[in-house]
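Subject: Structure handover and notes

Dear colleague,

Please find the structure below, followed by my notes on it. I would be grateful if you read the notes with the model open beside them.

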Amino acid sequence: MTKEARAVVNAAANAPRGTEARDRPARLRVGVVGAGRVGPALAAALRIAGHRPVAASGVSDASRRRAEALLPGVPLVAPDEVLARADLVLLTVPDDALPGLIAGLAETGAVRPGQLLAHCSGRYGTGVLDPALRAGALPLALHPAMTFTGTAVDVQRLAGCSFGVTAPAELRLAAEALVIEMGGEPEWVEESARPLYHAALALGANHLVTLVAQAMELLRTAGVAAPDRMLGPLLGAALDNALRSGDAALTGPVARGDAGTVAAHVAELRAHAPHALAGYLAMARTTADRALDHGLLKPELAEALLGVLADGERGTDGGER
């Protein structure tokens, strides 16, 4: 580990969370490879903590605008030049591009011994950084469990945000210290569990956006002028109840076993929004299974309900209803 990296790890790990940036010694030079929505926000948070962003890479116009807005005065350079200037490099490229990027940087000699390399992919742990590890880099996986907009609001949202953290045992304090300095809360995730961890987040967050957008679309079709205003309190309460109570928070016609209501939903969706029917049926089936398992859906009502769902599924496959 470089002298700068070792000093900042020790200082950050031992400093109280309320310590002012000016009172923390040995700040790191920070670089960002991939100025998408995530990297500039994390670097901006590290700047608030007293670290010094020194370089970023990005080729699209949107990347350049984000870097200018969140990291004013930080030059945009090639990825190898980012590594040449920085003690800590945030690798914030799409998941599928990460292995090739790391291999390329290692092969070209851009990686320096003792340099901290932190990727922000949820899918990968530190194994993907093995080519850089062989070149002497110090591998960290720091994944913020948050959606990003690419604007300054992301920096504020990092306060209290959980990070999925994976690192070698000797770097655990380093990883946790950096997350805390960004305002986040470190959550340790084993290397082997990273894909499942990421699938859980995608299921909860990415699919939620799809469901909400589709619900607003259907409400507009039904003549509701302000679907966002209608859904806001309902979804807020549902999310809060689900986080507090899990499956016990299930409500609605599926959990109650109202087969007639669900049949009416299926008929309306088939007539007016056939593109939404398959998703409705899949979620209704999963909801029914969970409601049954937790004693919310009475078995004597489940048979008729599951029959409606089965009929609907046959209809979406083009079979006879």
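Strand S5 (138–144) and H9 each supply at least two residues of the lining of the second largest pocket, where helices (H or I, at least four residues) and strands (E, at least two) are DSSP runs, numbered from the N terminus. Please keep in mind that this is a predicted model, in which local features need pLDDT of at least 70 and side-chain atom pairs count only at pLDDT 80 or more, whereas totals for chains, interfaces and linings use all residues. Residues are numbered from 1 along each chain as its sequence is written, and side-chain values use heavy atoms, with hydrogens and water left out.

The second pocket

The second largest pocket holds about 650 Å³ of space. The search runs on a 1 Å grid over the protein atoms alone, and a pocket is an open set of points where a 1.4 Å probe fits, with protein on both sides within 12 Å along at least five of seven lines, while lining residues have an atom within 4 Å of a point. Grid points are joined across faces, edges and corners, and a volume is the space filled by probe spheres set on the points. This pocket is lined by 24 residues, and Val-38, His-143, Pro-144, Met-146 and Phe-148 are the closest to its centre. H9 gives the most to this lining, with five residues. By class, the lining of the second largest pocket has 13 nonpolar, nine polar and two charged residues, where Ala, Val, Leu, Ile, Met, Phe, Trp, Tyr, Cys and Pro count as nonpolar, Asp, Glu, Lys and Arg as charged, and the others, Gly among them, as polar.

The largest pocket

The largest pocket has a volume of about 2200 Å³, and among its 43 lining residues Leu-208, Leu-211, Ala-238, Met-283 and Thr-287 lie nearest its centre. At least two lining residues come from each of helix H9 (194–221), helix H10 (227–245), helix H11 (253–256), helix H12 (259–272) and helix H13 (274–293). H9 gives the most here, with 13 residues, and the lining as a whole divides into 27 nonpolar, 13 polar and three charged residues.

Two packed helices are described by the angle between their axes and the distance between the axes. For H12 and H13 the angle is about 150° and the axes are 6 Å apart; axes are lines fitted to C-alpha atoms, for helices over the stretch in contact, and angles run from 0 to 180 degrees between N-to-C directions. The contact (heavy atoms within 4.5 Å) involves residues including Val-262, His-265 and Leu-269 of H12 and Pro-274, Leu-277 and Tyr-280 of H13. By class, the contact of H12 with H13 has eight nonpolar, two polar and one charged residues.

Ala-273 is found in the loop between H12 and H13, and Ala-273 is buried, with a relative accessible area of 4% (buried means under 20% relative accessible area, with a 1.4 Å probe and protein chains only). Not counting residues up to four places away in sequence, Ala-273 touches Leu-218 and Glu-268. Ala-273 and Glu-217 are 56 residues apart in sequence, and their C-alpha atoms are 9.4 Å apart in space.

Two further buried residues

Arg-194, in helix H9, counts as buried at 0% relative accessibility. Leaving aside residues up to four places away in sequence, Arg-194 touches several residues, among them His-119, Tyr-124, His-143 and Val-189. Gln-115 sits in the loop between helix H5 (98–107) and strand S4 (116–119), and Gln-115 also counts as buried, at 0% relative accessibility.

The chain as a whole

The protein chain has 14 helices and seven strands, and its C-alpha atoms fill a box of roughly 70 × 40 × 35 Å, taken along the principal axes. Of the 321 residues in the protein chain, 41% are buried.

With kind regards

Notes: Buried means under 20% relative accessible area, exposed over 50%, partly exposed in between (1.4 Å probe, protein chains only).
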